[in-house]
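Here is a friendly walk through one model, starting with its sheet and moving on to its charged pairs. Have the structure open beside you as you read.

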Amino acid sequence: MANRFNNLKVAILVTDGFEQAELLEPKKALEAAGATVHVLSDKKSSVQGFKHVDKGEVVSVDMSIDEARADDYSAVLLPGGVVNGDAMRLLPQARSFVRAANDAEKPIASICHGGWLLISAGVAKGRTVTSWPSLQDDFKNAGSQWLDQEVVRDENFLSSRKPADIPAFNNEFMKMLDQQQKRERSQPAPAAAGDEAVAAADAAPAGKKKLSGRGTAPAAPRDHENEAFAVAHGQAHQSDG
């Protein structure tokens with residue numbers, strides 16, 4: 001088990017206000033299976049977790065999102081938490097990271113409000129997902145099909161609703177990573193520098209099969225920004241996930 005994913009690197013995109021269990025429990029499972037897990041954030045050294053409405057653990061940040069490259073990772077994890085989810089969707093560098101991972105068809109796993117970033121990154125159109133129930137209208141407006149299930153997989157997307165779904169979420173994420181690892185092992189070694197232009201020219205006419213249709217991301221709804229501000233300033237409670 002400890003060597004299952006020793007060649008894989010997983011990026012967790014997060015900021016202050018994340019739901020603690022949705023980061024720590026998948027992270028623990030991934031590391032136990034041998035994966036390298038990096039917490040990427042707009043914060044410099046650490047991020048503050050929450051256990052529902054109460055402050056939880058502080059988690060160290062491994063790297064700035066500005067410095068990280070999606071190409072260096074095998075998969076992406078997006079924990080929830082209303083404050084975290086709403087803040088992350090407003091970060092251009094986070095949206096770019098998710099778009100790059102999706103273009104490369106890498107696994108992207110979201111829980112609860114973590115799915116907001118998929119919408120704002122413009123990759124949710126035509127996809128089947130789940131999330132915290134209050135996001136279902138946002139997904140539907142973005143062109144997604146929303147299901148009320150503990151875990152939903154659609155191509156390279158994996159999503160769950162809340163902390164209670166984490167066991168099923170982790171189990172399915174491990175299966176996706178098994179497939180991603182096989183895919184990476186089967187890929188040819190990178191071409192030498194002198195061969196890159198020729199390889200690109202040869203590949204261009206055939207084109208690359210894309211995933212489901214992607215649309216333009218709608219702007220973050222104003223009521224979500226107000227909700228995040230109220231929670232952060234003690235004027236309202238953070239929802240579960």
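## The sheet

Strands β7 (residues 75-78) and β8 (residues 108-111) run parallel to each other and pair over three bridges. Strands here are DSSP runs of E with at least two residues, helices are DSSP runs of H or I with at least four, and both are numbered from the N terminus; two strands pair if DSSP finds at least two bridges between them. Within this pairing, L78 has S110 of β8 as its bridge partner. In general, strands of a sheet pair through backbone hydrogen bonds, in either a parallel or an antiparallel way.

## How the model is read

This is a predicted model, in which local features need pLDDT of at least 70 and side-chain atom pairs count only at pLDDT 80 or more, while totals for chains, interfaces and linings use all residues. Residues are numbered from 1 along each chain as its sequence is written, and side-chain values use heavy atoms, leaving out hydrogens and water.

## Salt bridges

A search of the whole structure gives ten salt bridges, each a side-chain nitrogen of Lys or Arg within 4 Å of a carboxyl oxygen of Asp or Glu. One of them joins R4 to D178, with the closest N and O atoms 2.5 Å apart. This pair links distant parts of the chain, 174 residues apart: R4 is in the segment before β1, and D178 is in helix α6 (residues 166-186). R4 is partly exposed at 28% relative accessible area, and D178 is partly exposed at 25% (buried is under 20%, exposed over 50%, partly exposed in between, with a 1.4 Å probe and protein chains only).

What about E155 and R127? Their side chains meet in a salt bridge at 3.4 Å, N to O. E155 lies in the loop between β11 and β12 and R127 in the loop between α4 (116-120) and β9 (128-129), so the bridge ties together parts 28 residues apart in sequence. E155 is partly exposed at 36%, whereas R127 is buried at 0%.
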